[in-house]
Amino acid sequence: MTTLEQLSEAISLGKNKDARLFAQRAIDENIPPAQIVDHALVPAMALVGERFKRNEIFVPEMLIAARAMKEAMTLLEPRLIAAGVTPKFTAIIGTVQGDLHDIGKNLVATMWKGANFRVVDLGANVSPAKFVAAVQEHRPHLVGLSALLTTTMPAMIDTVRAIRASGASAVKIVIGGAPITQQFCEEIGADGYAPDAGSAVDKASELVAAGAIDSPP
Amino acid sequence: MKEAEIIVRWPDGAPERRLPAGRVRSDSLATRFMQAGRPLNTRCGQRGNCAGCTVELLAGTFQQRDGAVISARAEIKACQGNVPPGTQALLAAPARSLAVHRPQVVTTFKLGVTAAQQPLVPVTPGVCDHGLAIDVGTTTVVVALVDLLTGRIVREESAFNRQIELGDDVLTRIQLAGLAQQREALRHSIVDETLTPLIWQACAFAGIPFERIAGAVVAGNTTMLHLLTGTDPTAMGVAPFRASFIHHRVMTAGELQLGVLPAGAPVHLLPGISAYVGADLVAGCACTGLLNATGPSLLVDIGTNGEILLWHGGRLLVTATAAGPAFEGGRLSRGTRAVAGAVAHVEFGRHGFPPRLRTIPGSNIVGLCGSAYVDFLAQARSSGLLAASGRWDLAIWRVLPAAHRCEGADGRGVRLAPASDATIITERDVAELLQAKAAIAAGIQTLLRRAGLTPPDVQRLYLAGGFGLHLDVSHAIACGLLPGFTAAQIEVVGNTSLGGAWLALVDRSVVAEMANLGATAAIVELNREPGFEDTFIDRMMLP
C-alpha cells in the first residue's frame with residue numbers, strides 16, 4: 001500500500017495515531033498537501049459517508065473517523081495555507097445562540113472539510129449578528145446552523161432571518177440537530193435540512209452545485 | 001388485639017421487611033399488603049377466583065374466612081383470610097403476585113446520615129403532626145406521608161407526572177411554558193392532576209385527615225419547581241441557562257393552590273444549585289451523606305441529563321451531561337421506561353444464548369429498559385458477540401440459534417427471547433447506547449480531571465435515581481458506563497431526592513446545610529471544557 005492508501009485506511013477506520021503518522025510520512029515524502037487531501041482524506045471521508053448511509057457504520061464510528069481526519073488535518077492545514085491552496089467552496093458553521101452543544105456540529109464541520117470545503121467554524125452559542133458578520137467577512141457559499149435543544153430552535157429562525165436581511169441572498173443555509181425536521185426547515189426558509197452528518201455532506205454538495213449555477217456569491 | 005406481626009421475604013433477594021400495620025384493621029392479608037404500599041395482584045377483586053395474590057406461608061398460621069386454619073408451609077391466597085391478630089408469620093411474596101407497578105417508581109432511599117427528630121414545620125401532637133416529603137420528578141412523582149412525631153414514613157404514593165401528557169422531557173416543557181396559558185396548564189397538571197390525588201390517596205389509605213398535615217417539603221429539578229410555582233422557566237432553556245429562583249423558598253399550600261392541604265400549611269421548596277443541577281441533587285447530597293465523606297465522593301444520577309456531582313476537599317463541582325434518552329428507553333427500537341412488562345435484567349447463560357430475562361411483573365414483555373441494555377452491552381462484549389466498535393462480530397452472530405437472529409430494515413439484530421420481537425436489539429440501538437454511556441463516562445472523567453483525580457481515588461460513587469435501582473453495577477463498569485471504578489466503590493442509593501426531602505422535613509437543620517451547598521458549588525460546563533469531546537470519543541467504544 002502507498003502512504004496515501006495507508007493514510008486513507010487509517011482515517012476511515014478511525015485510527016487517529018496512525019492517521020497522524022501516515023500524514024507526517026506523506027509530508028516527508030514530499031507529496032503536495034493538496035494531493036494528500038484529495039487522494040487520502042477526501043476518499044476516506046467519502047467512504048465513511050457511504051458506509052454510514054448504508055448503515056454499515058453508525059455515529060460512534062463516524063466520530064472516531066472524523067477525529068482521525070482532524071489529526072491528519074492539523075498537520076496539513078498550515079502547509080495548505082502556506083502553499084496558498086484554498087478549496088473551491090467555503091462554508092461557515094456554528095451552533096446557534098443559547099446552545100452550547102457542539103459535538104454534532106463539530107462532526108459536520110469535519111465531514112465538510114473531508115469533502116474539501118474550506119470550513120470556518122464559529123463555535124457554539126453564536127449570535128445572529130456574529131453569523132452575519134462572518135458571512136460578510138468570508139463570503140461563504142454555505143452556512144450551517146446547528147441546534148440540539150428544542151428551546152434554541154427559535155434562535156435558528158432569528159439567524160436565518162438576519163442572514164437573509166443582511167443581503168447575502170446567494171448564500172445557502174443548511175440546518176440540522178436532534179430536534180430539527182424538514183418541515184421546520186421549510187417553515188423558517190432555510191435551504192436545506194440534513195438529518196445526520198452523512199447527509200450533511202450530500203446536502204452541502206447539492207446546494208453549492210445548485211448555487212454555482214444560480215449565482216456565484 | 002394487635003394486628004399480626006408479619007415479615008415478608010420479597011423477590012429477587014430484596015431484604016426481608018416487616019409489613020407495617022395500617023391504621024384500620026385489615027380485613028384480609030391482601031388488604032394488609034395494600035395498606036403497606038405493596039399491593040398484591042388482586043385482579044379478581046379479592047373474591048378468591050384467581051391465584052394472583054398467592055403468597056407462601058413459611059412460618060405461622062393463616063386463618064381463612066371460612067374459619068379453617070392453615071399452617072406453614074403452604075401456599076395461600078392472601079385475599080381469603082388473614083394472619084390471626086397477636087400472632088407472627090413469615091411470608092414469601094413471589095414477583096408474579098406483586099401488583100402492577102405502573103410506573104415502577106423508586107420510593108426507597110439509603111440514608112447515609114443520622115437525622116435529629118426536629119421537624120421543619122410546627123407540630124401539635126395529636127392535632128397537626130404529619131408532614132409530606134415530595135419528590136417531583138420529570139417522569140414520576142412520589143408523595144411520602146410522614147409521622148412527624150416518629151419520623152416514620154406512614155404511606156407512599158407514586159404516579160407518573162401528568163405533565164408528560166403535555167411534554168415528554170424537560171426541554172419540551174420549558175418551551176411550552178414560555179406561553180402563559182401553557183404554563184398554567186403545566187401548573188394545573190402537576191398540582192391538581194398529579195400531587196392532589198397522590199396526597200389524597202396517601203392520607204386516605206393511612207387514615208390521616210388532611211387537617212393533620214403540618215407542612216410539606218418538595219425536592220425536584222429546577223424546572224419542575226418552576227412549573228410547580230407557575231414561574232416562567234424560559235431562561236433555563238437557553239445558554240447561559242438562568243433559573244428565576246434557586247434558593248430555599250417557603251410558600252403556603254394556599255399560594256401553591258394545593259387546595260387539599262390546610263391553606264396556611266408551609267410548603268418548603270428545597271434549594272438547588274443551577275438550572276440543571278437542582279434541589280433533587282442537593283437533596284441527594286444531604287441524604288447520602290456525601291458532604292460528610294472523608295474522601296472524594298461522587299453522586300451520579302443517570303437520566304436524559306446525567307447529573308454528576310463531585311465532593312472533594314470541601315468543594316463541590318457539579319455538571320450535567322447530555323446523555324440523551326437512551327437509558328430511559330428513548331430512541332431505541334425496543335426501549336421503554338421501567339414499567340410493567342419491561343425486561344430489566346438480561347443474564348447470559350454459560351453458552352450465551354438463550355439469555356435469562358427478568359421482567360418487571362404485571363404484563364407481557366413490552367420492551368427493554370435501560371438496565372437490560374447495560375446488562376446486554378457488558379455480556380455481549382465479554383462473550384465476543386459485540387466488537388469494541390459496538391458492531392456484531394459476524395462469526396459469532398451467524399452461529400446464534402436462528403430464532404435469536406433477525407435481519408431487516410434496521411440491519412442485523414439479536415432477539416433475546418425467541419418468541420418476542422419486543423426483545424430485539426439492533427446495531428443502531430447499540431450505537432445510541434454507546435453515545436449515551438460515553439456522555440456519562442466522559443462527564444465523570446472530565447470532572448475528576450478538573451479535580452486532579454482518577455477513579456481509584458474516589459472513596460464512594462453514589463448512584464441515584466430509578467436507573468440505578470435495576471442496574472447491575474458490575475455490568476455498568478464492564479460496558480464502560482462507569483469506567484475505572486470497582487463495584488466496591490459504588491453504592492446504589494435509590495430515590496435520594498425523596499430521601500433528602502424526608503430528611504429536611506424531619507430535621508430542621510438540614511435546609512441550612514443544603515442552602516450552603518449551593519453557595520460553595522462550582523458549575524462545570526462540559527462543552528466548554530477542553531478535552532471533553534476527545535474524552536467523549538475515547539469513551540465511545542466498548543472496553
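How many residues of chain A are in contact with chain B, and how many of chain B with chain A? I looked this up in a predicted model, where local features need pLDDT of at least 70, side-chain atom pairs count only at pLDDT 80 or more, and totals for chains, interfaces and linings use all residues. Residues are numbered from 1 along each chain as its sequence is written, with chains lettered from A and ligands numbered from 1 in the order in which they are written.

I found 22 residues of chain A in contact with 23 residues of chain B (C-beta atoms, placed from the backbone, within 7 Å). On the chain A side, α4 (59-82) and α5 (103-114) are the elements that give two or more residues, and α4(A) gives the most, with 6 residues; helices here are DSSP runs of H or I with at least four residues, numbered from the N terminus.

I then turned to a helix pair within chain A. The axes of α1 (residues 3-12) and α2 (residues 16-28) of chain A come within 8 Å and cross at roughly 160°, the axes being lines fitted to C-alpha atoms over the stretch in contact, with angles from 0 to 180 degrees between N-to-C directions. That makes α1(A) roughly antiparallel to α2(A) (an angle over 145 degrees). I noted that the contact includes A:Leu4, A:Leu7 and A:Ile11 of α1(A) and A:Phe22 and A:Ala26 of α2(A).

Last, I checked chain B, which is divided into domain 1 (5-97), domain 2 (130-281), domain 3 (286-325 + 432-538) and domain 4 (328-426), with bounds from an automatic or database domain assignment. The centres of domain 2 and domain 4 of chain B, taken over C-alpha atoms, are separated by 36 Å.

Notes:
Parallel < 35°, antiparallel > 145°, perpendicular 65-115°, else oblique. Contact = placed C-beta atoms within 7 Å.
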